[in-house]
Amino acid sequence: MDLISTAALVAARVAGALWSPITDCDETFNYWEPAYLLAARTHALQTWEYAPVHALRSYAYLAPHAAVMTLFASIFGAHVAPWRSAFFATRLVLALASAAIEVRLAAAVGGGIGGQRLSTTLKMVLAASPGMFHSAPAFLPSSFAMAAVGVHLAAWFQSSSAPKPSRLAIAAIACSALLGWPFAAALGIPFFLSYLMTHPRPLVVNSVLAGVVVAVPMVLIDSFFYGSGSIHLVPWQMIQYNVVRNQSHLYGVEPASFYLKNLVLNWSGFILLAAGMSVWDLGSLFILKLNHRRLSPPQTWGPATMLALWLTVFVLQPHKEERFLAPIYPAIAVQAARGVVAVPRVLRRLATGRSALLLRLGVAGSMSAFALMGVLRMLAMVRFYGAPVRLDVSSSMLPHSADGVNATVCVGNDWFLSAGHALLPAHARIKFVRQAFDGQLPAEYAVPPPPSSGPSALNAWAELLRVRDATARVGHASFSDANELDLTRFVPESQCDYILGRDPIVTGAKPVACEPILLAESTPTWARIVDVPAGLPFSRQVRKAQVWDKYCLWVPPPPGQGIIN
């Protein structure tokens, strides 16, 4: 059974890497695009966060991903679409790395508090989670923080009998907070408190050491790419913008129920078990503390404390995004798995004979239903929203423009669906056509200088300087941190060689290649939560209620013959 659960987990991660949609436009424009610039060294789109005057994103985080992309692009060099292949290969590396961490976490949890049964259950819960399905292969700091928190928890559980705090657990939190997302440092608080009174010296020394080891090369890399002779500590600059200046509300606000809804979607009924187990752990901790009795091991209440702390802080923030939940997914999985194992034990104490058998069967059926709902949700994400990733635009579909150099691919209202330049031929250039969106869109990075020839070592350094010239350039575009509309981002539709999206923008455009995509805004919620395959109960009713469209590469009519929509 342990081998089956491991295989299921790995299969889920591979499937996510190959088919899961990009769920957040930040992933495309703040991570895939600048990484593509570092890897391809030709062109990409630049958001205001990467303008040297703001410097809110880290090139140190991008660099390893860009190196992986470069490696795979060279391997697939003879392929018709090397960067598309490199895109999926990089996602596969991220997903398999996550799978390895999850397997290690399961082994550590089983060895620390629950045995083989808990370990196997944890892997099955992780495999059935839609949240892990799309977060594991995502190129996002929140997903990196999620993986680092998984390492942190595994090290913490593994060191349950060790007298001193685990250096790996400390290093994982340092990486998650500095290289990933600074707010992830809050998830290290339970571990820090559990050792603060007993081993303060090694705790503080190792924490400072880990911070320095991560921060120093990070500052050097970011200061190099941003140029201007300034020192850039990106995590602090991000905290200044989001906390000190409190500017995150510019990108939308959501009610508190937003996170509850997304937790249910991403964990199905397992979130109820995780919540119940967490309430039990925190309640037990409070009662033991109140009665001055010996506390349970910190590993048993640590994940619950992490969940309570994280959700309390982020529910109170007006700006909410689904990806903000990703760092606590490992803790949710641990608590849910413990709940799955604990429920039958509780029932054995409450009932005997036939009633106990019926209750156990009911519990087993509920757990199976939770897992099935998770799988159906994954299928829904792929079939409903995976069109921008599935659409394979080859060079034969998208020949060079009339000038023989590049092909202009325009996006309008569907700009946020674009998967970026990595999924287009190398000669394609994404441009924006103005429609309804009134916020700030990315600009183009400054064009790197022409490549130079020379010895390989010198040439590699010259290539790095070429990229640095583009990342450190100022004045080629205006960048505001207030999400203000900038008309210089748009081109007239007459400049478009092709159009990408659901909306062809101009009448008379003809589709070249298409993939079906669900119109979420026109489909009732109950019909887009899960994908109900044909033949299953209610599949006909669900599919009848769904409204579909096509995500296409379009060829616009000759200039002057089309009317802009």
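Is Y329 buried or exposed? I will start there and then go back to the whole chain. Y329 is buried, with a relative accessible area of 1%. Please keep in mind that what you see is a predicted model.

First, the overall picture. The chain has 565 residues, and 53% of them count as buried. Its secondary structure comes to 18 helices and 7 strands. The radius of gyration is 25 Å, close to the 24 Å that the globule rule gives for 565 residues, so the chain is as compact as a globular protein of that length.

Next, contacts and surface. Take the contacts between residues at least 6 apart in sequence: 77% of these join residues at least 24 apart. The accessible surface comes to about 25,000 Å², and carbon and sulfur atoms account for 67% of that. As for charge, there are 41 positive and 29 negative side chains. The centres of those two sets lie 15 Å apart.

Now the aromatic rings. A pair of aromatic rings is described by the distance of the centres and the angle of the planes. The count for this chain comes to 31 aromatic pairs. Let me show two of them.

One is W181 with F314. Their ring centres are 5.6 Å apart and the planes stand at 40 degrees; planes under 30 degrees apart would count as stacked and over 60 as edge-to-face, so this pair is tilted. The two residues come from distant parts of the chain, 133 residues apart. W181 sits in the loop between α7 (167-180) and α8 (189-196), whereas F314 belongs to helix α13, residues 298-315. Both count as buried because their relative accessible areas, 8% for W181 and 9% for F314, fall under 20%.

The other pair brings us back to the opening question. Y329 pairs with W267, and here the arrangement is edge-to-face, with 5.4 Å centre to centre and 70 degrees between the planes. This pair also links distant parts of the chain: W267 is in helix α11 (residues 257-267) and Y329 in helix α14 (residues 329-350), 62 residues apart. W267 is buried as well, with a relative accessible area of 1%.

There is also a cluster to find on the screen. Ring pairs link Y31, W32, Y61, F87, F88, F139 and F144.

W267 comes up again with L126. L126 lies in helix α4, residues 82-127, and at 1% relative accessibility it counts as buried. What does L126 touch, leaving aside its neighbours within four places in sequence? The contacts are L9, R13, E102, M132, W267 and A333. L126 can also be compared with A337: the two are 211 residues apart in sequence, but 8.9 Å apart in space, C-alpha to C-alpha.

S142 is another buried residue, with a relative accessible area of 2%. It lies in helix α6, residues 141-158. Beyond its neighbours within four places in sequence, S142 is in contact with R323, A326 and P327.

G211 is in helix α9, residues 200-226. Not counting residues up to four places away in sequence, G211 touches A174 and L178. A545 is in helix α18, residues 539-545. With the residues up to four places away left out, A545 touches T523, P524, W526 and A527. The C-alpha atoms of A545 and A527, 18 residues apart along the chain, are separated by 6.3 Å.

Last, two backbone angles. Which value does phi of S268 take? It is near 45 degrees, a positive value in a residue other than glycine. S268 is found in the loop between α11 and α12 (270-290), and it is buried, with a relative accessible area of 10%. N483 is not a glycine either, and has a positive phi of about 55 degrees. The place of N483 is in the loop between α17 (456-471) and β5 (498-501). N483 is partly exposed, with a relative accessible area of 22%.

That is the tour.

Terms used
Residues are numbered from 1 along each chain as its sequence is written. This is a predicted model: local features need pLDDT of at least 70, side-chain atom pairs count only at pLDDT 80 or more; totals for chains, interfaces and linings use all residues. Side-chain values use heavy atoms; hydrogens and water are left out. Helices (H or I, at least four residues) and strands (E, at least two) are DSSP runs, numbered from the N terminus. The radius of gyration is taken over C-alpha atoms; the globule rule is 2.2 Å times the number of residues to the power 0.38. Buried means under 20% relative accessible area, exposed over 50%, partly exposed in between (1.4 Å probe, protein chains only). Contact means heavy atoms within 4.5 Å. Accessible areas come from the Shrake-Rupley method with a 1.4 Å probe; for residues, only the protein chains shown count as cover. Lys and Arg count as positive and Asp and Glu as negative; His and the chain ends are not counted. The place of a charge is taken as NZ of Lys, CZ of Arg, CG of Asp or CD of Glu. Rings of Phe, Tyr and Trp (its six-membered ring) pair if their centres lie within 6.5 Å; planes under 30 degrees apart count as stacked, over 60 as edge-to-face and the rest as tilted.
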